[in-house]
Amino acid sequence: EQYQTLEGWGSSLCWWAGQVGTWDETKIDKIIDLITSPDKLNMNIFRYNIGGGDDPAHINGHMVKGKGKRAEMEGFKCSPDAPYNWNADEAQRKILLKIKEKRPDAIFEAFSNSAPYWMTYSGCSAGHTDPLKDNLKPEYYEMFCDYLLDVCKHYKSVYNIEFKTLEPFNEAYSNYWYNQGSQEGCHFEPESQIKIIRMLYSKLQESGLPTVLAASDETNLNQFLTVQKAYREAGDIWEKLGQLNTHTYSGTNAEREEVRRLIQLSGKPFWQSETGPSSSNGIESNLLLAQKLFDDMNIMQPQAWLDWQLMEEHNNEWCVLQGNFQTQEYHPIKNLYVRMQITRFFKQGYTFINTGNKHALAALSPSGKELVISVLNTKKQEQSFNINLKQCTGKLYLQKVWRTSSSEDCSTISGLKINNKTLGYKSPGLSITTFIIHLK
């Protein structure tokens, strides 16, 4: 039973890139190498945030008190009549261009968290005074569409960056974007989203860009299903979208199954474009997030799966690198190796197959000569796995086994053999193990 073919793994660039992009060049290059190299994290998909930009009077205010300086994204236009300031957002752009240089095959998405503050009811790019109300004024819909497209066209003409997708909304149906809040955010009712998609699609068709629209990047599966059903009922929206996106901060496996059916009905490419941990801390949290990845890939079956952040300062859950944005110090944390167990070995172009086990993920290489299997143990006790390979014809050769646990960091282990096309394995508590099997 073969499922989706992998387009890739990745992350958003905001907010971490807006900080790391100001660092020493040598350090930046090492971080980019760690993130993108095929023998390391092997990430190839990155989401560039088109900042709206907040009221200058709010700088070093509510966002800094909420999520820190990193959340204050720079916009490119400070008023309806102002010229574009293409020098803005230099740090995030530097990371974007470094990735492009290191991975010419990288895939980029442009996304918006909020329109510029001067287009909004509240005069604040963090949201409306009532978080259940749209913040973008209808009279600015067209200018907002132009703003997004002008940024995409600038990056194409000046830097030869072609955004595969443009996502005009971010968790837009949520109720937590509010005036003077902790980050850029903008509520859009489904009806408003539909109006903007129609307008933006028409302008995009005239722009000459190869970019397609993606939507709706809702925060959880319940809201994604609600908004996508509204799109479907509108009758003309799915045909205007080149891709569907969702976040999986929460969602049940029953909802994942419903999402898969809806995606199949739409016939569209599909990304899990942003997620993060749900509970616990340290390696337990990291492995639970890996379980979410397994559930997403096995049940929902997106072609791509992305993290929200790659570097954070004060936690070891929402990142793979822990750093200090002021001192330019950083170090890998356990989550980097947990993620590497998947992203390094499940490569672009591999096709996922049914494992029949929620704690296992498996994929075949395009040639059919390599089978990658990963098993996950989120419990503190040892767990036994019996991997049945009898449906694989020909000879099997266990090339390598890699494991991350409390005491191991994507380390090779030995002593395992395939006997009678069966691989027995005792997984240590709190670990993730990846098997590379050659098929002859």
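How many bridges join strand S11 (residues 321-324) and S12, and in which sense do the two pair? Keep that in mind as you go through these points with the structure open.

1. Before anything else, please remember that this is a predicted model. Everything below describes that model.

2. Now to the opening question. S11 and S12 pair in the antiparallel sense, over four bridges. As background, the strands of a sheet pair through backbone hydrogen bonds, and they can do so in a parallel or an antiparallel way.

3. Most peptide bonds are trans, and most residues other than glycine have a negative phi. Two peptide bonds to look at are cis: the one from Cys-14 to Trp-15, with omega near 10°, and the one from Ala-215 to Ser-216, also with omega near 10°. Where do they sit? Trp-15 is in the loop between strand S2 (8-12) and helix H1 (16-20), whereas Ser-216 lies in strand S6 (residues 212-218).

4. Asn-60 is not a glycine, yet its phi is positive, at about 65°; you will find Asn-60 in the loop between strand S3 (45-49) and helix H3 (62-66). Leu-430, which is not a glycine either, has a positive phi of about 50°. Leu-430 sits in the loop that links strand S19 (422-427) and strand S20 (431-439).

5. Is Leu-430 buried or exposed? It is buried, because its relative accessible area is 10%, and buried means under 20%.

6. Finally, let us look for empty space inside. Rolling a probe the size of a water molecule over the atoms shows where such space is left. A search of the whole structure turns up one cavity of 30 Å³ or more, and the largest cavity has a volume of about 50 Å³. It is lined by 13 residues, of which Asp-307, Gln-309, Glu-317, Trp-318 and Cys-319 are the closest to its centre. By type, the lining of the largest cavity divides into six nonpolar, four polar and three charged residues.

Definitions and conventions
Residues are numbered from 1 along each chain as its sequence is written. This is a predicted model: local features need pLDDT of at least 70, side-chain atom pairs count only at pLDDT 80 or more; totals for chains, interfaces and linings use all residues. Side-chain values use heavy atoms; hydrogens and water are left out. Two strands pair if DSSP finds at least two bridges between them. Buried means under 20% relative accessible area, exposed over 50%, partly exposed in between (1.4 Å probe, protein chains only). On a 1 Å grid over the protein atoms alone, a cavity is a set of points where a 1.4 Å probe fits but cannot get out, and a pocket is an open set with protein on both sides within 12 Å along at least five of seven lines; lining residues have an atom within 4 Å of a point. Grid points are joined across faces, edges and corners, and a volume is the space filled by probe spheres set on the points. Ala, Val, Leu, Ile, Met, Phe, Trp, Tyr, Cys and Pro count as nonpolar, Asp, Glu, Lys and Arg as charged, and the others, Gly among them, as polar.
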